[in-house]
Amino acid sequence: MKIAMIGTGYVGLVSGVCFSDFGHEVVCVDKDPSKITRLNDGKVPIFEPGLEALMARNVAAGRLSFTLDLAEAVRGAEAVFIAVGTPTRRGDGHADLTYVMAAAEEIAHALEHYAVVVTKSTVPIGTNRKVAEVIRGANPAADFDVASNPEFLREGAAIDDFMRPDRVVVGVESERAKQVMAEIYRPLFLRDFPVVYTGLESAEMIKYAANAFLATKITFINEIAALCERVGADIKAVSKGMGLDGRIGNKFLHAGPGYGGSCFPKDTRALARMGQDHASPIQIVETVIKVNDEIKRRMIGKIEDLCDGSCRDKTIAVLGVTFKPNTDDMRDAPALTIVPALIGAGAKVRVVDPQGRHEGERLLPGVLWMDDPYEAASGAEALVILTEWNEFRALDLQRLAGLMAVPRLADLRNVYEPAAARAAGFAVCQAIGRGIEEGRAGHPAPASEGSGPVASGLDNRPQPELRPA
């Protein structure tokens with residue numbers, strides 16, 4: 001099939017490349033000449049593991065191309081995907097549909113044959129019907145259907161998510177459109193990955209409801225972690241005990257400094273706003289948004305406690321500033337709250353991140369960027385792990401502690417065992433939901449928890465057997 005993909009941002013580029021790997025002919029469109037030039041030169045403008053090689057393979061096979069000419073891309077296409085940005089609108093929390101509607105109007109003028117116009121962007125409920133209205137208004141003779149096909153891609157694992165999805169959701173209202181979408185996703189259907197067909201509104205809602213639920217799960221475990229610190233429980237044991245319950249599952253139960261990224265913050269705000277507009281407030285989601293912001297601010301307090309109550313004139317090394325590992329995305333990352341607060345409190349902040357510097361230099365003015373964790377730790381008075389990149393999972397803690405002026409660790413991703421860090425030479429260790437080594441709050445961890453290897457401090461202890469009640 002021939003597919004036009006409007007937008008070469010994260011969703012559009014990954015989707016276009018993966019569709020071409022299914023064997024479809026895909027033309028990706030963007031209005032940014034510099035981006036199209038880079039793509040035609042074989043350069044990927046985002047960091048996503050495996051994407052550059054997959055793109056090169058399909059370009060070489062003649063199935064994938066990039067252009068500024070939307071009309072040419074739409075000509076002959078059986079499906080036209082809209083994958084443009086829907087940022088949060090300033091002032092009211094709504095998703096900004098300016099780019100979606102502009103794309104719909106431009107598609108309308110280019111349509112000369114039947115096509116399914118598919119919204120891949122995350123859009124509020126009712127948007128696909130508005131897209132249809134815009135197309136009909138701009139081109140009353142257009143022969144088309146609209147479909148909703150929300151994406152569920154995790155940054156850092158997007159290709160695998162596309163090729164091996166938990167499910168594909170397709171909202172359609174005609175058999176003709178359903179047949180087109182079924183043919184597009186036929187390679188997945190043949191491998192028994194579920195394709196769920198719904199109405200337009202249900203497909204739109206599934207995306208928001210799924211992201212809001214996951215954001216709620218993260219926020220819940222972060223609140224439980226705060227309570228664990230007060231009562232002496234260990235959040236890692238609590239998370240494991242909860243996650244073994246099949247009704248709950250173990251995913252998204254890792255305590256940390258709050259959620260961020262391109263989806264959860266934007267989608268929770270948009271869903272909360274939709275609830276308010278329809279007199280059906282989503283109070284749980286509203287609370288999740290509020291609590292997540294508080295969690296990020298709470299991390300600042302943990303680092304200040306680590307530094308004896310004040311960060312002024314202290315050198316702090318921060319490992320990781322992207323919102324998660326295996327991406328260069330800084331959108332709504334906890335680092336954007338935490339690092340400026342440290343600088344504002346008078347700290348001298350050094351940052352190491354494998355992919356975050358390109359965006360981070362603009363978003364985090366005043367920090368010193370370094371390439372090596374040990375160099376960043378040299379002479380520092382606190383070390384903060386903010387993103388759990390693999391590069392930070394097997395550090396030589398003894399070497400780090402020996403390099404620091406004052407060996408103090410705030411492990412905000414629970415990468416290391418606090419007792420192992422202490423044994424390696426760290427005078428104080430802050431973790432999430434595990435008390436504070438040296439006992440500023442909660443209870444010290446039992447001695448048995450420090451049985452992991454000192455050199456890396458990795459948590460590879462056997463867990464206690466959980467017996468059914």
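Ala, Val, Leu, Ile, Met, Phe, Trp, Tyr, Cys and Pro count as nonpolar, Asp, Glu, Lys and Arg as charged, and the others, Gly among them, as polar. The model is predicted: local features need pLDDT of at least 70, side-chain atom pairs count only at pLDDT 80 or more, and totals for chains, interfaces and linings use all residues. Residues are numbered from 1 along each chain as its sequence is written, and side-chain values use heavy atoms, with hydrogens and water left out.

**Exercise 1. Describe the second largest pocket and divide its lining by class.**

Step 1. A pocket is an open set of points on a 1 Å grid over the protein atoms alone, with protein on both sides within 12 Å along at least five of seven lines; lining residues have an atom within 4 Å of a point. A volume is the space filled by probe spheres set on the points, which are joined across faces, edges and corners.

Step 2. The volume of the second largest pocket is about 1500 Å³. Its lining has 50 residues, and Gly 9, Tyr 10, Val 84, Gly 85 and Arg 331 are the closest to its centre.

Step 3. Two or more lining residues come from each of α1 (10-21), α2 (33-40), α5 (98-110), α12 (264-277) and α15 (357-363). Helices here are DSSP runs (H or I, at least four residues), numbered from the N terminus.

Step 4. The classes are 19 nonpolar, 14 polar and 17 charged.

**Exercise 2. State how many cavities of 30 Å³ or more the structure holds, and describe their linings.**

Step 1. In a cavity, a 1.4 Å probe fits but cannot get out. The structure holds 2 of 30 Å³ or more.

Step 2. The largest cavity has about 50 Å³ of space. Its lining includes Asn 222, Glu 229, Arg 298 and Ile 432; α10 (200-231) and α13 (283-306) each supply at least two residues. By class there are 5 nonpolar, 2 polar and 3 charged residues.

Step 3. The second largest cavity has about 40 Å³. Among its lining residues are Ser 121, Pro 150, Glu 204 and Tyr 208, and α10 gives the most, with 3 residues. The division is 3 nonpolar, 3 polar and 2 charged.

**Exercise 3. Locate the largest nonpolar core and list contacts of Phe 19.**

Step 1. A nonpolar core joins buried (under 20% relative accessible area, 1.4 Å probe, protein chains only) Ala, Val, Leu, Ile, Met, Phe, Trp, Tyr and Cys residues through side-chain atoms within 4.5 Å.

Step 2. The largest core has 43 residues, with Phe 19, Phe 81, Met 181 and Ile 184 having the most contacts inside it. The element giving the most to this core is α1, with 7 residues.

Step 3. Leaving aside neighbours within four places in sequence, Phe 19 is in contact (heavy atoms within 4.5 Å) with residues including Ile 3, Met 5, Phe 81 and Ile 184.

Methods
Buried means under 20% relative accessible area, exposed over 50%, partly exposed in between (1.4 Å probe, protein chains only).
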